Structures are given as C-alpha cells and as structure tokens.
Amino acid sequence: MNKITLGTRKVTMQFPGVIALSDVDFEVSTGEIRAVVGANGAGKSTLMKVFAGANPGYTGDVLLNGEVVEIRSPLAAKKLGIQIVYQEVDVALVPTLSVGENVMLNDMVMHKGSPMVNWRKLHTDAKEVLDRLNIKLNTRVLVKDLPLAQKQMVLIARAIQSQCNFLILDEPTAPLSNTETEDLFNLVTHLKETENIAIIFISHRINEIIQICDNYTVMRNGQIVDTSPITENTTSQEIVEKMLGRTFEAFIPKEKVEIGDKLFEVKNLSGADGKVNNVSFYVRRGEIVGIAGLVGAGKSELCKTIFGAYKKTDGEILLNGESIKVENPSKAVAHNIALVPEERRKEGVLVEEDVAFNLSAANLGDFCTFNFLNRKKINENAESFVKELRIVTPSIRQSVKNLSGGNQQKVAVGKWLAADCKLYMFDEPTKGVDVGAKQEIFRLINDITKQGNGVVYASCENSEILSITDRIYVMFDGEIMAELVTADATEDIIMNYAVGNKAEKA
Amino acid sequence: MATVKKHKHFGHFMLDWAAVIALVLCFIIFTLVKGKFFMSSNNMINILRAMSITTVFGIGLTVTMSTEGFDMSACTLASVSAYIFVSMYLWYGLSLVMSIVVSLLVTLVLHQLTMFLILVCKIPDMLATAALMFVHQGLGQWYIGGGAVSTGMRLPNGNQPVRTILGDDFSAIGRSPWIIIIMLVCVFLAYMFLEHTKHGRYMYAMGGNRTAARLSGINVKKTRYMAGIITAVFITIGGILVASRGSSAQVGCCDNYFMQSLAAVFVGRSVGGANRPNALGTLIGAMLVSTLENGLTIMAVSYYILPAVKGAVLCLALIAAFASKKEE
C-alpha cells in the first residue's frame, strides 16, 4: 500500500476577534494513529474542521501528498478521502432509517443512476462493509433503536464505505463506557491494520491516547507546540505539562471574604440519566467553590440536577442543614437557588424580551401589585442593575438579542441578583465573553460572596477556577475525583484528576 | 413595545402595520364604491357584530398560542358548550345564568382531557387536539341525540322540553349592543392579562423560549395549564354567543369558526411589530376578515366566490407578517 500524507502549511484560521489557528504546520500519513491533544480552545477542533471542509475560510495551504489542495466544502473533503465523525453522532444519522440505509447514505446521494433503490444490493453492500470492520449489526434494524456506541460504529462504517484514507474521530470516547471504548479501540486498530488509512484521534483522556496512538501532537493557543511518538516511556504527566505550557492567563485577584458555616450541601447525588454519579460536596457562606473538569465531565449536568432541571435519581440536597426537595427549577428558585446556565442565549436569557423584563423575570411577583405588573418598579429595578452591572444597552426597553455576549451574560446574572438568592451556580459564565466583561463578572461574583452567599463556579477554564475560588472539586465522568484547597492546587494537579486519576482518600 | 421601534425604517413600518393598512384600504375602497351603504352606522354595527364571534374564539386561541401551544379542538369544544347551554335552558328550564354556569363547568371539565393529553401524556399540542376534535364531535352529538337543540324539538328520550320559547335575555346576548360589548370586554381582559400581569408575561416568556423560561424558575407546566383553562373560558363564551345568535345549537354550529379565528390570530401576530399572538392584533385581524366579507357582499360579489377573495387578502397579510420575521 502506498503511503498517502495529509498536511498543512502555515494554515491560519480567524474568527471575529479570535485567531483560532495561527501558522499551523501539521502532517499525518496513512498507517498511523495520531492523537491531537490540547486544552479547550487550543484549536484542535478548528484544525480538524479545516480538513473536513467545515472551515472554508482558512488561509495557508492544505497538502495532500505534498500537493496543494483546496478543501472549501465538506464535499471536497470527502472526495479527497477525508472523513470525519463528529462527537454528536445523532446529527449525522437519520434515526428513522435502517442501519443499512445509514451506512450507504453517501453512496445513495453521491452516485446518480437508477432512481430506484435496489434493497437487496443495499443491504448486502452494507453487510459487506460491516463485516470488513468486524461489526456485528443487523442492517435492517432502525438506527434510533441502537445505543450510542453502535451509532458511532454505523458512522465509522459509513466513512469507510466511501473512499477513506483519513478518518478523523472527534472525541469519540467521551460518551462511551469502558467496554464500549474497548470495542472502539479494537475497531480502530483493526482499521489501521487492514486499510490504507490514517486515523486522527482527538480525546481528552490522556491514558487512552497512550494506549492506542502511535504519535501525538500537542496544540496550545492555536499553535502546534510539539509532535512526538508515543513510546513505553511516555507518561500522561508529560503530555499534560505540554498541553498547559508554562504561560498562565492574566491573574484575576480574589478578594478576601470571611467564610462562615455550611450553607449548602449535596449528598450522594445521582441523576441526569447517569451523567451525575454519586456526587457529594458542600458550600459555606461567603465561599466560592469551583467545579473543575473537562468538557463533558458532567459539570453542567450537576448544576442542572441540583437546580431541578434534570431528574435526580438519588441523593439529598440540604440548604442551611435542612433537606429540601427540588423537583423543578421553579422549586429551586423558591429555595433561593439560582443558576446561570452555560447556553446563555438558549437558556439564560429571554432573547426576545427586553432588558427590563429579563432583569425581573426570576422574581416577577415582587414587581406586581395584585398580580398586575408595576412598570415603574420594573423599570427602576432595571435601571439600577444596568448601572450597577455596567450593562451596555441603549435603553432598558432594548431586546436582549441585540446586546453583546458579555452584556447578555450580565443580564443573565442580574436577573438572579434581583431575586436575592442564597446560592448562585455559574456554569461556564465566561464562555464567549471578552476579557473586560470577564473581569466584571468576577467582580460580581466576589460581591455576591461578600453578602454571605455561596457560589458554585463550574468551568473548564482551570486558570479561572484557580484564581477565583476557595475550594475546588474536580469532576470526571460524572463523578468527583478530588477535593482541593485552591491555595494548594495547580493546573497540573487539576488536570491530573480531570483526565480520570482518582485521588486517594486521605 | 412600540416605543423601541423608533429607528425602524419605512419598509419595516409597512410590514408591522400591514394588517392595519389593509384594513384602512378596505374602508377607503368600499367607501368610494358604496359610500352611503358601507359607511352607515347600521353597517358599521353589522361589521362589529359579525366579527364578534371570530374575535372571541381568536382571543381564546391567542392565549394558548402565546405559550407556543395550540388548540385545534377549540371550536369543536365550543359546539359542545353551545349544546349544553341551549339544552340546559330549553330542556331543563334552568335560568340563563345557571345555563351559562353549567355550560362553563362542563367545558372546563372536558378541557381537562386536552390538558391531560398535552401535559401528562406529553403528546404534541397539534396532534392531541386534532384527535380530540373527533371526541368532542362524537360526545356532543351523542348528548343531543344527533339533532339540533332548538325550540319546538323534543329531547332525545322523547320528553317534552320545559321551555318552548327563548326569553328576551337569551336572544339579547347575540344581538348588538351586547354581543359587541362582550367581544370588547373579552379583548380588554385578554389584553390586560397578557400584557400587564405576571402570568401573562410568563406565557410570552415560555412561548419565546421554553428552556430559558424554565431555567428562570417559571413553572412551565402550570403556565401552559393556566393558558388552557383561560382558553376554555373564552371557548365557552364563544359557544354561547353562537347559540344565542342562532337562537339554537345546531349540530357542529361552532366548528366552522376555527379557521377564520386562527387566521385572525396569525394576521394579528405582526400588528405593531409584536411578532407574537396578541389580543389587540387578533381584534384587528378579525375586523379585517369581517370588513372584507361585509364590503364584498355590499358590492354584490357572489357569496360563493367570497372565500377565495377573503383567502387571498389573508395570504397578503400573512406574507407581510412573515416577511418581517425573516428579516431578523
């Protein structure tokens, strides 16, 4: 088999306000499994999307066997034999069609010819592909009835069925259990041995990478910092250090606040369809508790389960030492618990409504006289928060959808400040906001604790967690791996637990 | 809301007020062609009277649709309300007020089924209420024995009705000025509720983004339930108006009002750039429909092609409504 190489020369990718990739030189050749690692926002996905034709705006060259090729659409990528399996498998599959149809979907779409479907041929062809990959699946089963791991297999089969020399797997193991991961690894190794193929494997789980990959490439801040072979001597410690580098983000000072007694506690909490597993932690008055962990570790799910937005299957929630029942978010609010969710536009603010309404949405009852809205009170409240939080808006009657991301976030926080809560949970509050707004959000959080309230701060930005919190819980796969005192923690320590190493109980 | 729109340019303005502009144009054209007849106070009252029922049903739908809900069975349920109302009055000789109360209660009880399917069984609104249309039709006709409830008719079991004539108060409900007053009161109440009360704002919040509303601590199930109950009240009022205006409860007497009520809500969505179902918009939508119908009739357009003209104008209003939405 002839080796084929795929690479980039000085590829740069800019998004408004961000340089996601800068001058990236990368190369991979068939017959290898290459890991691409890096912290969130390092540029891994951006680079993969360049290969997949999903980032048509790149500058620089993509090289196939040393020759410049243009990949400006997903179709162009497929024609060059580059296939990608995204993490969200459900968006790429048609759940109501059979396995066979899903496997052969590209073929059906790409090859013009008879308008009639030859069902027998379709199923035998699909069967052949699955056999080639040692996947045991009935081609006539509907995809919606398959578990997630098998859906992934169907997607890989579809990729292989077309011409495929480069298979990109974007965090394929994140949602899989251990045995499912094992099956996937067998498939990947089998592919490498039997096909003329390179597999680019993105994962946050460093141990897996050491287990199955031949080489690894480390990305940081949009650049490739290292590419090395994986040998017997490679340690996860070493890779993590390269991922983090020695540069740290601007330090945001944490103010000293007196910490009181226990305000809030969860005991053995499980829920969110198994994505939160036996979690226990507590928050004291005036304390900021960080929930660290990688994307998909279950941080959002934990916050939403506490807030009653996801179903709790087991465990206990205590506020001021008393057990409380939180069946739905409306109960949580009644207990003075607030959540600033991750998906700001979809979950945090009512984009169609104006600033004034948003700032009173969490406790509209307080702005009413006999259930009738008191516009004056609503406006006064809005004016005061716009001033206090420095929300940049032409008027309080402006629809929130017209504000910038940082200002939308301030509205999402302001809504709860107006409601005078006791426990504030922040889920990735700095996602997509600029540095200035970030500082103001931190200032806000500091102010919250000064009034003796508790804060839960969930984020995958470890530098932020280190600078603002008092204590940290590190999550992995829905479980808490370790409890750390921020003063003694470092990014290395957090990352070590975040990739699945469990702390030994003291 | 209108104060925000200061900077909207002319095109936006036209789209936002398309329904109103269409209405004004209708008035101008009909006045030019048939001035004396069309602009007479009698005819104005005719228009208002004719639009009352559509408006009341439209208001009911507006409340449900403000939560992004839907109720296809609204008017079949209204027919049942009408059967109950007239039968209580004629067959069993209840007073007018008691007949209304019983009709309202039965409607609310029947509406629990709608809410059960939507909130407990989690069937999408459209499908649940489509199925319930048949249930309402069948149950209603079973109750009235397949024939109309009117004066001079026996009960399904052969008994003589207690009352043989309709009282003046019964008929007054369906005549002007009462029918117009009732319509205006309904619009006013719905307007106050949706725009100026806490729960009304919850409904719009929920309609705008259910997840965000839920995560703001709004009890979305309760809010949807409340919207359904309010809709049921308006449905009953509509059914009573139909019965009183028709001096009887014919089989399926309200069923045909559904589509034009829905049209009124959709036309009204865009009025003033609200971009969501709203009470005043629905009133204007209903007025547009009935003005057209009235004017065209006066112009001696054959009644059998009226629906086509009406439909075409509705299409234009809807194009305006959704064109403005697309631009955002």
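In chain B, helix 9 (residues 198–208) and helix 11 (residues 220–246) have axes that come within 10 Å and cross at roughly 110°. Angles from 65 to 115 degrees count as roughly perpendicular, so helix 9 of chain B is roughly perpendicular to helix 11 of chain B. The crossing of helix 9 of chain B with helix 11 of chain B is left-handed. On the helix 9 side of chain B, the contacts come from His199(B), Tyr202(B), Met203(B) and Met206(B). Their partners in helix 11 of chain B include Val220(B), Arg224(B), Met226(B) and Ile230(B). Keep in mind that this is a predicted model.

Now for the rings. Over all chains, the count comes to 15 aromatic pairs. Here are two of them, from chain B:

| Pair | Centre to centre | Angle between planes | Class |
|---|---|---|---|
| Phe30(B) and Phe38(B) | 5.2 Å | 50° | tilted |
| Phe57(B) and Tyr257(B) | 5.8 Å | 45° | tilted |

Phe30(B) and Phe38(B) are both buried. Phe57(B) is buried too, with a relative accessible area of 3%. Phe57(B) sits in helix 3 (residues 41–66) of chain B and Tyr257(B) in helix 12 (residues 257–269) of chain B, so this pair ties together parts that are 200 residues apart in sequence.

Over in chain A, ring pairs join Phe264(A), Phe281(A) and Tyr473(A) into a cluster. Chain A also has arginines over rings: the charged end of Arg72(A) sits over the ring of Tyr58(A), 3.9 Å from its centre, and Arg471(A) lies over the face of Tyr282(A), 4.1 Å from the ring centre.

Technical notes:
Residues are numbered from 1 along each chain as its sequence is written. Chains are lettered from A and ligands numbered from 1 in the order in which they are written. This is a predicted model: local features need pLDDT of at least 70, side-chain atom pairs count only at pLDDT 80 or more; totals for chains, interfaces and linings use all residues. Side-chain values use heavy atoms; hydrogens and water are left out. Rings of Phe, Tyr and Trp (its six-membered ring) pair if their centres lie within 6.5 Å; planes under 30 degrees apart count as stacked, over 60 as edge-to-face and the rest as tilted. Buried means under 20% relative accessible area, exposed over 50%, partly exposed in between (1.4 Å probe, protein chains only). Helices (H or I, at least four residues) and strands (E, at least two) are DSSP runs, numbered from the N terminus. A charge sits over a ring if NZ of Lys or CZ of Arg is within 6 Å of the ring centre and within 35 degrees of the ring normal. Axes are lines fitted to C-alpha atoms, for helices over the stretch in contact, and angles run from 0 to 180 degrees between N-to-C directions. Angles under 35 degrees count as roughly parallel, over 145 as roughly antiparallel, 65 to 115 as roughly perpendicular and the rest as oblique. A crossing is left-handed if the near helix is turned anticlockwise from the far one by less than a right angle, and right-handed if clockwise. Contact means heavy atoms within 4.5 Å.
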